Amino acid sequence: MAFMVKHVVGGHLKNLTGGLTEEKPEAEKSEAAAKGMTQEEFEEYQQQLEEEKQERDASFAQKKAERATVRSHFRDKYRLPKNEVDETQIQAAKDDVELPTELAKMIAQDNQEEEQKQSVLGQLTNIQNLDMNNLKEKAQSGLEELKNSAEKCSLM
């Protein structure tokens with residue numbers, strides 16, 4: 001109830017005094033005064049906040065570009081379609097982005113293993129329960145049989 005009385009009467013009471021009370025100018029009511037700083041300190045504080053924000057944004061953009069590089073690498077490796085968003089993130093980082101060293105080592109090892117698997121000998125060694133000596137003997141005996149049958153043939 002006291003609030004209501006003060007609210008209703010307070011506005012009229014200020015009008016009756018006619019500005020006899022001292023009101024502070026607008027400059028002192030700024031954010032700097034509200035935070036207990038001078039205007040110069042406040043401007044320096046704002047500049048520092050802006051610099052920190054720019055640094056955070058730059059590091060965030062760099063990390064986004066690194067992730068995009070990793071994703072684009074795997075898209076290339078598995079022959080998936082490229083993503084335009086990743087390409088723009090990489091370009092936004094001014095192409096200073098490289099694959100992490102651990103990932104690069106893993107990729108190099110994978111590439112070597114894939115090259116070995118793609119060779120003929122690599123394919124043969126991948127077949128389980130394969131006896132190379134037995135296979136060679138069968139191939140040689142097959143060739144000998146062909147030679148014997150060719151010698152028996154009178155037309156040749």
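Q: At the start of α4, what reaches to within 3.1 Å of the backbone nitrogen of valine 85?
A: A side-chain oxygen of asparagine 83 does. A polar contact is a pair of N or O atoms within 3.5 Å, with one able to donate a hydrogen and the other to accept it; residues adjacent in sequence count only if both atoms are side-chain atoms. This is a predicted model, where local features need pLDDT of at least 70 and side-chain atom pairs pLDDT 80 or more, while totals for chains, interfaces and linings use all residues. Residues are numbered from 1 along each chain as its sequence is written, and side-chain values use heavy atoms, leaving out hydrogens and water.

Q: How many helices and strands does the protein chain have?
A: Helices (DSSP runs of H or I, at least four residues) and strands (E, at least two) are numbered from the N terminus. Here there are seven helices and zero strands, and the pattern along the sequence reads α-α-α-α-α-α-α.

Q: Which residues of α4 are buried?
A: Buried means under 20% relative accessible area, exposed over 50%, and partly exposed in between (1.4 Å probe, protein chains only). In α4, which spans 84–92, the buried residues are Asp86, Gln89 and Ile90. Looking down the axis of α4, they fall within an arc of 100° and so line one face of the helix; the arc is taken from the directions from the axis to the C-beta atoms. Glu84, Gln91 and Ala92 are exposed on the face turned away from that buried side. Across the protein chain of 156 residues, 10% count as buried.

Q: What describes two packed helices?
A: The angle between their axes and the distance between the axes. For α3 (residues 39–77) and α5, the axes come within 13 Å and cross at roughly 5°. α3 and α5 are therefore roughly parallel to each other, a label for angles under 35 degrees.

Q: Which residues of α3 and α5 meet?
A: Val70, His73, Phe74 and Lys77 in α3 meet Leu103, Ile107, Asp110 and Glu114 in α5. These residues divide into four nonpolar, one polar and three charged.

Q: Where is proline 100 found?
A: Proline 100 is in the loop between α4 and α5, the latter spanning 101–118. At 38% relative accessibility, proline 100 counts as partly exposed. Arginine 67 is 33 residues away along the chain, yet the C-alpha atoms of proline 100 and arginine 67 are separated by 9.8 Å.

Key: Axes fitted to C-alpha atoms, helices over the stretch in contact; angles between N-to-C directions. Parallel < 35°, antiparallel > 145°, perpendicular 65-115°, else oblique. Contact = heavy atoms within 4.5 Å. Nonpolar A, V, L, I, M, F, W, Y, C, P; charged D, E, K, R; others polar.
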